[in-house]
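I opened this entry to keep track of what I looked up in the structure. I go from the whole chain to single residues.

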Amino acid sequence: MPSKSATNSALTELSSQLASAVDTASNSIVAIHARRRIPSSGIVWREGVIVSASHTVKRDDEIPVNLPNGDSTTATVAGRDPATDLIVLRIKGAKSHVALKAQDSDLRVGTLVLAVGRPGRNVAASFGIVSAIGEGWRTWQGARIDRVLRLDLAVYDGFSGGSLVDASGAVIGLNNSALARGAPMALPAAAVDLVVDELLERGHVRRPFIGVAVQPVALSPSIAKQLDLSRDEALLIVSVADGSPAAAAGIFVGDVLVEANGVPLSRPTDLLDALSSTRASEKLKLKVLRGGVARDVQVAPSDRGSD
Amino acid sequence: MNASTLGTARAVSSNLHGLSEMLKRTVVEVRNGEMGGGTGIIWGGAGLVVTNAHCVQRGADLQVGGDGKWRAADALAYHPHHDLALLASPTVSGPLLEIRDADSLRPGELVFAHGHPLGVNDALAMGVLHGVTRDERDGYVRWVIADVRLAPGNSGGPLVDAEGRLVGINSMVVNGLGVAVPAALVQRFVERALARRAA
C-alpha cells in the first residue's frame, strides 16, 4: 500500500489548516439562548461586545450566553438594527477572545471559507466558497449594504449570527440566512463594524429621512434639454409628511426631484442611496422642478431610527 | 502568490483523485433482492463486508458487487441499534482501511464520503467535520456529524479523513447533515461478531 501521508500531503495540509481555522474562530464564537429550540451563534466582536443576528434573539434582558471557554454568563441588549438584522449585546466581566478580522480587500469570489457556529455547547463548521459579491445590495428592510457575500456552503440551524472565516480563521463576515429568505449570505465585517459603532453610541442606527413619498415620472425631452439633464426620468413627490424635514424646507406635493447631491434621480432607491450617504450634520442638496423652473432646496434629514 | 496558490489547488485536486482511486478498491455495492441497497466497506482480506443494517433486508437474497461482477453474500451479524451489519462473501478482498479515532477529530477538518448515491457508482463527496455527539452515560462518541452531501445509496459507505483513514460509516441524513457511525464502534462490532462465531 502506498504511504498515504506522503501522497496526500496537500490534502492533509489543507485539512489541518481548515481545522485550525475553526479552532481559532471558535475562541470568539458564543451560543445565545434567546429563542425556543436551538440556540443561535454570536461573535465576540470587541471587548465585552457580542454581535449576532437580531431575529434569533427573541428577548431583551438577561440573555443566557455560553462562552467559548465553557463558562455561562448573561448579556444585555445594547441595540438592534432591524434593517441589517444585527443585534449588539454586552457582557460584563467575562473574558473572551475578540474575533480576529480579515482584511476586507482580500475578499474575492472563489475564496475558501468556513461558516463557524455554536448551535449548542460545541462549535460546528461547514465549508465552501464565496460564490458572489453583491455590490450596493439593499435588504428587504431598506438598509443599503455596500457589499454582501453570497455563499456556496450550507448554513445549518443555529449558524445565523456566527462567523464566516477564511482559511486562517480571520473573520470575513457574519452569517445570516434570514437576510435573503434562507439563502446563505454574510454581511462583511466592515458593514458589521459600522452598525456596531452606531448601536454602541446611540442604541440605534441613524436612518436619515426627509418625509416624502415619490414615484418615477418621465420628463419631456424639451425640459430635460433645457435643464441640461443626462436622463429624462425624475421623481414626482406624491406626499409630504406633516412636520417632516421636507415640509419644513417648503417641498410640496407635485414637485419633481431631479437631483440629490448632484446625482440624477430616476428611481426611488436613488433617493435612499443619496440619503444614506449624507452625514449626520449635513444637508441634502436637492434640485427641484416646480412650474417648469428648477430651484435648489436644502433639506436637513432627521433620524428615523430613534422612533 | 498566485502561482503558489494554483499549485496548492492542483496538488489538492490530484490528492483527491488519489483518494478516490484508493477508496474504489475498498468498497462494494450491496444489493438485496429487488429492494434497493447501499454501499459496503471491504473489511480486510477474509471476505468480510460491513454495511448499514438498514441496507440489508433480513431473509433477502444478498449480493455484493464490484468491477462489474456480482457475488452472493451471507449476513453474519446485525446490530440494529448501531445500524450495522456484517456480511461474508468469500472471494471479496481489498485493503483494510486504517481506523481514525473519533476523539482526535477536529471540527472543520476535511472528510470524504465514498459510495454509490442514487445509482452513481464510486462518487466522492467532500465536506468538513461538523462535530460529534456523545453518549450521555458513558461519554463515548455515538455519532460523527459532517457537512457533506449524502444521498440514498451512500448508506453503508465510508467517511474518511484527508489521509484516507476510516472515520465512520455513513448512515443517515439529519437536517441536511451527514451522520456516520464512528469507526471504533464498527471495529468493536466486527470483533465481537467474529468472536461469537469462533466461540
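**Entry 1: the whole chain**

I began with the contacts in chain A that have a separation of 6 or more, and found that 61% of them join residues 24 or more positions apart. I note that this is a predicted model. The predictor gives the complex an ipTM of 0.79 and a pTM of 0.78. For chain B I looked up the average pLDDT, which is 89, with 96% of the residues scoring at least 70.

Chain A has 307 residues, and 43% of them are buried. I counted its secondary structure as 6 helices and 20 strands. Along the principal axes, the C-alpha atoms of chain A fill a box of roughly 85 × 50 × 30 Å.

**Entry 2: where the chains touch**

I looked at α2(A) next. This helix has 18 residues and reaches 25 Å from its first C-alpha to its last, close to the 26 Å expected at 1.5 Å a residue. Its buried residues include L11(A), L14(A), L18(A), V22(A) and A25(A). T12(A), S15(A) and S26(A) are also among the buried residues of α2(A).

Then I turned to α3(A), residues 189-202. Its 14 residues should span 20 Å at 1.5 Å a residue, and its end C-alpha atoms are 20 Å apart, so the two values agree. Buried in α3(A) are A189(A), A191(A), V192(A), V195(A), V196(A) and L199(A). Why do I say that the buried residues of α3(A) line one face of the helix? Seen down the axis, they fall within an arc of 150 degrees, so they line one face. D197(A) and E201(A) are exposed, on the other side of α3(A). Just after this helix, G203(A) takes a positive phi of about 80 degrees.

In soluble globular proteins, nonpolar side chains tend to be buried together. I looked for such groups here. The largest nonpolar core has 118 residues, and those that touch the most other members are I50(A), L114(A), V49(B), V111(B), V144(B) and A146(B). To this core, α2(A) gives the most, with 7 residues. Apart from it lies another core, of 21 residues, among them I237(A), A260(A), L271(A) and L289(A).

I50(A) is in contact with residues including V30(A), W45(A), V65(A), A75(A), L89(A) and I91(A).

V65(A) is in strand β4 of chain A. Is V65(A) buried or exposed? With 24 other C-beta atoms within 10 Å, V65(A) is buried, because the cut-off is 20 or more. The contacts of V65(A) include V30(A), I32(A), I50(A), T73(A), A75(A) and I91(A). I also took the distance from V65(A) to A34(A): they are 31 residues apart in sequence and 8.7 Å apart in space, C-alpha to C-alpha.

I91(A) is in strand β6 (residues 86-91) of chain A. This residue is buried, with 21 other C-beta atoms within 10 Å. I91(A) touches G48(A), I50(A), V65(A), T73(A) and A75(A). For another pair, I checked I91(A) and K283(A), which are 192 residues apart in sequence and 37 Å apart in space, C-alpha to C-alpha.

Most residues other than glycine have a negative phi. I noted two residues with a positive one.

- E62(A) has a phi near 50 degrees. E62(A) lies in the loop between β3 (49-53) and β4 (63-66) of chain A. It is exposed, with 9 other C-beta atoms within 10 Å.
- N175(B) has a positive phi of about 50 degrees, although it is not a glycine. Its place is in the loop between β11 (166-174) and β12 (177-182) of chain B. With 10 C-beta neighbours inside 10 Å, N175(B) counts as exposed.

Methods. Residues numbered from 1 in each chain as written. Chains lettered and ligands numbered in written order. Helix = DSSP H or I, 4+ residues; strand = E, 2+ residues; numbered from the N terminus. Buried ≥ 20, exposed ≤ 12 C-beta atoms within 10 Å, placed from the backbone. Expected span 1.5 Å × (residues − 1). Arc of directions from axis to C-beta. pLDDT = per-residue confidence, 0-100. Contact = placed C-beta atoms within 7 Å. Core = buried A, V, L, I, M, F, W, Y, C linked by C-beta atoms within 7 Å. Lists of a residue's contacts leave out its neighbours within four places in sequence.
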